[in-house]
Amino acid sequence: GVPAADKAPKLTKKSTYKVAFSQNASNNPWRLAETASMKAEAAKLGLQLTITDANNQQSKQIADVKSLIAQKPDALFIAPITEQLANVVKEAGNAKIPVFLVDRDVDHNVAKPGQDFVTVIQSDFVQEGKRAAVQMAKATGGNAKIIELEGTTGASPAIDRKKGFDEAIKQCSGMQVVVSQDGDFTRAKGQSVAETL
């Protein structure tokens, strides 16, 4: 049941490659490090790299990816803001560009792994959510009223982390999520929402 990339667009063998990277935002150290890593690896391999930054705006990222598709890169890396970026990922696949999703996934009902894109490189976010719940249970002795601060609505890490967290919390009868709200994966919004809650 594991998708194989045999139906996805293939990389044509060349002496060098034009690679594009659609970053979803540069508003935190994680994203800055991810972009720096892409730049360093491209320089090490002698690749021509084009980077766009969507500034955490889905409409801009869609426009960015469409623009990158028009430039016909040999490979396209995308860090999607939300799973709703699937349509433009499918467009890139239809343009025969090998697409690699980084850190976040897209809706597989729209863009098929191994067919419309090669793969997604990400953590096990459900497991991360479970681990957070276990650590919270240990820290509170299994008794807590919880304010749950989520990531960006519609983003695969937010969806999966919440799923794992909620599954594990249900096993602790003394722990109760009293409110849950989107913090948009930004420090400023997270702080504002937490203060309000």
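Modeller: Happy to! The chain has six helices and seven strands, where helices (H or I, at least four residues) and strands (E, at least two) are DSSP runs numbered from the N terminus. This is a predicted model, in which local features need pLDDT of at least 70, side-chain atom pairs count only at pLDDT 80 or more, and totals for chains, interfaces and linings use all residues. Residues are numbered from 1 along each chain as its sequence is written, and side-chain values use heavy atoms, with hydrogens and water left out.

Along the sequence, the order of elements is β-α-β-α-β-α-β-β-α-β-α-β-α. The C-alpha trace spans about 60 × 40 × 30 Å along its principal axes. Of the 197 residues, 41% count as buried; buried means under 20% relative accessible area, exposed over 50%, and partly exposed in between, with a 1.4 Å probe and protein chains only.

Now for the part I would like to show you, helix H2. H2 runs over residues 58–70, and at 1.5 Å a residue its 13 residues should span 18 Å; the end C-alpha atoms are 19 Å apart, which agrees. The expected span here is 1.5 Å times one less than the number of residues.

Which residues of H2 are buried? They are Gln61, Asp64, Val65, Leu68 and Ile69. These residues cover an arc of only 135° around the axis, which puts them on the same side of H2; the arc is that of the directions from the helix axis to the C-beta atoms.

Zooming in on Gln61 of H2, we find a buried residue with a relative accessible area of 0%. Leaving out residues up to four places away in sequence, Gln61 touches Ser22, Gln23, Asn24, Ala54, Ile78, Ala79, Pro80, Ile81 and Leu85, where contact means heavy atoms within 4.5 Å. After the helix comes Lys72, with a positive phi near 50°.

H1 covers residues 29–45, and its 17 residues should span 24 Å at 1.5 Å a residue; the end C-alpha atoms are 24 Å apart, which agrees. Arg31, Glu34, Thr35, Met38 and Ala42 are the buried residues of H1. Seen down the axis, they fall within an arc of 95°, so they line one face of H1. That face packs against S1, S2, S3 and strand S4 (99–102), while Pro29, Ala43 and Lys44 are exposed on the other side of H1.

Both ends of H1 have a detail to find in the model. At the start, a side-chain oxygen of Asn28 reaches to within 3.0 Å of the backbone nitrogen of Trp30. Following H1 is Gly46, whose phi is positive, near 70°.

Terms used
A polar contact is a pair of N or O atoms within 3.5 Å; within protein, one must be able to donate a hydrogen and the other to accept it, and residues adjacent in sequence count only if both atoms are side-chain atoms.
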